[in-house]
Amino acid sequence: MAKIDLYDPKWVDMVFADKNKEYGAYELRKGTSGRNIKALLILVITAALVGGFLAWKVIKQKEMEQQQAYMEAMQLAQAQKAAEKEQKKEKKIEKPKEQPKKEVPETRATQKFTAPVIKKDELVKEENQVKQMDMLDAHVAVGAENKEGVADRSVVAAREEIAAAAPPPPAPKPEVSNKVFDVVEVMPSFPGGNGALMSYLSKNIKYPVVAQENGIQGRVVVSFVVERDGSITDVRVVRSVDPSLDKEAQRVVRNMPNWNPGKQNGSAVRVKYNVPVAFRLQ
């Protein structure tokens, strides 16, 4: 038996060869192939349109997420640049120059020379008379202990030079202050940079179900302190959107790995830092 093409209207003529063609069934069967072809074309076109729309929506969503991450990274970079500029301005403020101390030349002790006056013995007072050698020590108190002097003055001078050349005792190291800085010479940073920070936030954020059901979205700004060892403390919300989003943003920031600490004058210090956490509905 030869194969029959159901889309070819000739099979209808074969079936109704010796029958009444005026019957409605003949006209209905004769148009079946055309209707099948139209239905198939409509199905293919509809599937292509739906698939194209879904693919376009997925691509558009990815582009929006990438653009949002890029904008947030740019905002962080701008904030850090502004902080560095403020610090450079503070460094440029010149301190008043200290005037050098004037050195006063050393003056030698001088004694006025008095010309001798010759007088008669009876006119000279007793305290001004020249005493004999055995009378000089008559009124001088003599100690019971003997002290030996140094005959050579150069020995004393050498000792004084050695004492002056000895290095001064080391100054005590300043205690590390617990002050929290807003801007320092080297700002703290997330391991891997701003790109790694954005990637960490996007991977670890769990959108609260209550906020999703109510269609709540926005950006929560979280403040925290980067300690001297890089740990995160004092996590607070400085810009709120919704209690559920605020709580999730605090959780993600509190669980961040240790940062690279900020430094001031070469020493690690405590620095306050702000990070925006974005919540976007898909």
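Predicted model: local features only at pLDDT ≥ 70, side-chain atom pairs only at ≥ 80, totals over all residues.
Local features need pLDDT of at least 70 and side-chain atom pairs count only at pLDDT 80 or more, while totals for chains, interfaces and linings use all residues. Residues are numbered from 1 along each chain as its sequence is written, and side-chain values use heavy atoms, with hydrogens and water left out.

**Aromatic pairs**

A pair of aromatic rings is described by the distance of the centres and the angle of the planes. Rings of Phe, Tyr and Trp (its six-membered ring) pair if their centres lie within 6.5 Å; planes under 30 degrees apart count as stacked, over 60 as edge-to-face and the rest as tilted. The count by this rule is seven aromatic pairs. Two of them are tabulated below.

| Pair | Centre to centre | Angle between planes | Class |
|---|---|---|---|
| F190 and W259 | 5.8 Å | 85° | edge-to-face |
| F224 and Y273 | 6.0 Å | 35° | tilted |

F190 lies in the loop between β1 (180–181) and α5 (194–204), and W259 in the loop between α7 (243–254) and β4 (262–264), so their pair ties together parts that are 69 residues apart in sequence. Here helices (H or I, at least four residues) and strands (E, at least two) are DSSP runs, numbered from the N terminus. Both F190 and W259 are buried, where buried means under 20% relative accessible area, exposed over 50% and partly exposed in between (1.4 Å probe, protein chains only). F224 and Y273 are both buried as well. One aromatic cluster is formed by F190, Y200, F224, W259 and Y273.

**Surface patch**

I37, L41, I45 and L49 make a nonpolar surface patch of about 400 Å². Patches are made of residues with over 30% relative accessible area and no salt bridge, with like charges joined within 9 Å and nonpolar side chains (Val, Leu, Ile, Met, Phe, Trp, Tyr) within 5 Å. A salt bridge is a side-chain nitrogen of Lys or Arg within 4 Å of a carboxyl oxygen of Asp or Glu. Accessible areas come from the Shrake-Rupley method with a 1.4 Å probe; for residues, only the protein chains shown count as cover. I37 lies in helix α3 (residues 32–92) and is partly exposed, with a relative accessible area of 40%.
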